[in-house]
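Biologist: Can we go through this model together, term by term? I'd like to know what lies behind each label.

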Amino acid sequence: MRTINDGQPFATTRTGALDFSAAELRHLIRTGELRRLFRGVVVAGSEPDTRDLRIAALRLVLPEAAVISDHSAAWVYGVDTLPPGRFRDLRPMCVVRHGTSRPHPARAVSRQTTLPDPDVVDINGAAITSPLRTTADLLRLNFRPHALAAADAMVRAEVVVKEHLLEYVAQFRRVPYLKQAHELAPHIDGARASHGESWMGCRILDAGLPTPSIDHPIEHRGRRYRLDSAFVEQRVAAEYDGREFHGDEFDVEHDEDRRTRLSSQLGWVFAIATYPRIFGEDDSFERELGEHLGLQVRPRTW
């Protein structure tokens with residue numbers, strides 16, 4: 001695979017300077033010789049995906065006064081916090097201090113905010129919101145289940161420590177939508193293994209159900225099991241079956257065998273979450289879970 005632009009990321013508007021046309025650019029992306037990093041910026045497909053490369057790519061489209069933030073800051077820290085589908089239309093996200101000009105909206109998603117100096121860190125000459133500020137912003141500015149999933153991911157990746165985040169959110173001031181951050185922060189759990197488990201956790205929380213044990217271990221007859229969310233005293237479990245790890249025939253058979261064994265031998269009952277059961281108007285997931293627990297659930301608000 002040939003080296004393009006000395007392996008450095010470049011804006012797609014520079015194709016003329018690199019001696020290939022827009023049609024050739026599309027061909028190179030389609031064949032994998034170029035890799036799209038986000039809208040308008042690509043890099044040679046053979047280049048390793050490093051923090052330095054991600055920062056260099058972002059600096060191509062953001063002005064000097066901009067501070068890399070939100071999902072883009074999480075990306076620099078090596079964490080995928082994007083909700084489903086957003087990667088297809090990803091534009092870099094940044095904040096600027098009040099009174100500072102913003103980048104063109106076609107190039108980046110930007111907002112103005114209050115930004116104390118400790119909330120900004122320098123990485124390789126680029127200004128980025130600190131891990132704590134990044135996580136707090138993701139908590140307060142995103143749709144509730146996506147917000148919890150993003151914060152869980154940041155804790156799971158050990159970019160932030162939950163206890164430090166709780167302290168930070170408690171003293172966070174002069175920004176909007178803090179109520180959601182205050183509500184969700186105590187329920188962050190890095191033991192959730194996926195965004196789907198976090199969405200399910202948010203649904204359980206907002207249904208008014210007790211806090212389950214996350215990634216609960218069970219040992220029985222020489223076998224080891226783990227349950228996504230377990231109400232241990234009642235022997236009730238909630239598990240999220242996403243398409244990535246539970247979609248093919250082998251996965252389905254494995255899940256059924258494991259749950260049948262736990263049900264018949266240990267008396268566990270299960271409520272299974274899927275994307276359609278978590279999002280939308282059908283509240284059958286939490287009603288089923290509430291029935292297993294003998295509890296009423298709150299009506300859906302999202």
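Predicted model: local features only at pLDDT ≥ 70, side-chain atom pairs only at ≥ 80, totals over all residues.

Biologist: What makes serine 229 buried?

Modeller: Its relative accessible area is 3%. Buried means under 20%, exposed means over 50%, and partly exposed is in between (1.4 Å probe, protein chains only). With 3%, serine 229 falls under the cut-off, so it is buried. Serine 229 sits in strand β10, and beyond its neighbours within four places in sequence, its contacts are Met200, Pro212, Ser213, Ile214, Val236, Ala237 and Ala238. Across the chain, 48% of the 302 residues count as buried.

Biologist: And why does tyrosine 177 count as exposed?

Modeller: Tyrosine 177 has 58% relative accessibility, which is over 50%, so the label is exposed. Tyrosine 177 is in the loop between α6 and α7. Arginine 221 gets the label exposed as well, because its value is 66%. Arginine 221 belongs to the loop between β9 (213-220) and β10.

Biologist: What is the phi of tyrosine 177?

Modeller: It is near 65°, which is positive in a residue other than glycine. Most residues other than glycine have a negative phi. Arginine 221 has a positive phi too, near 50°.

Biologist: How do you know that β10 and β11 pair?

Modeller: Two strands pair if DSSP finds at least two bridges between them. Strand β10 (residues 223-231) and β11 have three bridges, in the antiparallel sense, so they pass. In this pairing, alanine 230 stands opposite alanine 237. The two strands make a hairpin with four residues between them, and arginine 235 in the turn has a positive phi of about 55°.

Biologist: In what sense do β11 and strand β12 pair?

Modeller: They pair in the parallel sense: β11 and β12 (residues 269-273) share five bridges. Alanine 237 stands opposite phenylalanine 270 here.

Biologist: What makes strand β11 "mostly covered"?

Modeller: Five of the five residues of β11 (residues 236-240) are buried. Both faces are covered, with Val236, Ala238 and Tyr240 on one side and Ala237 and Glu239 on the other.

Biologist: How many residues of helix α4 are buried?

Modeller: Eight of the 11 in α4 (residues 131-141). Among them are Arg133, Asp137 and Leu138. What covers the buried residues of α4 includes α3 (70-76), β6 (109-113), β8 (126-129), α5 (144-156), α6 (162-171) and α7 (178-184).

Biologist: Why is a cavity called a cavity and not a pocket?

Modeller: On a 1 Å grid over the protein atoms alone, a cavity is a set of points where a 1.4 Å probe fits but cannot get out, whereas a pocket is an open set with protein on both sides within 12 Å along at least five of seven lines. Lining residues have an atom within 4 Å of a point. Points are joined across faces, edges and corners, and the volume is the space filled by probe spheres set on them. One cavity of 30 Å³ or more is counted. The largest cavity has a volume of about 30 Å³, and its lining includes Arg203, Asp206 and Trp302.

Biologist: And what volume does the second largest pocket have?

Modeller: About 170 Å³. Residues lining it include Arg59, Leu62, Glu64 and Gly125.

Notes
Residues numbered from 1 in each chain as written. Heavy atoms only, no water. Contact = heavy atoms within 4.5 Å.
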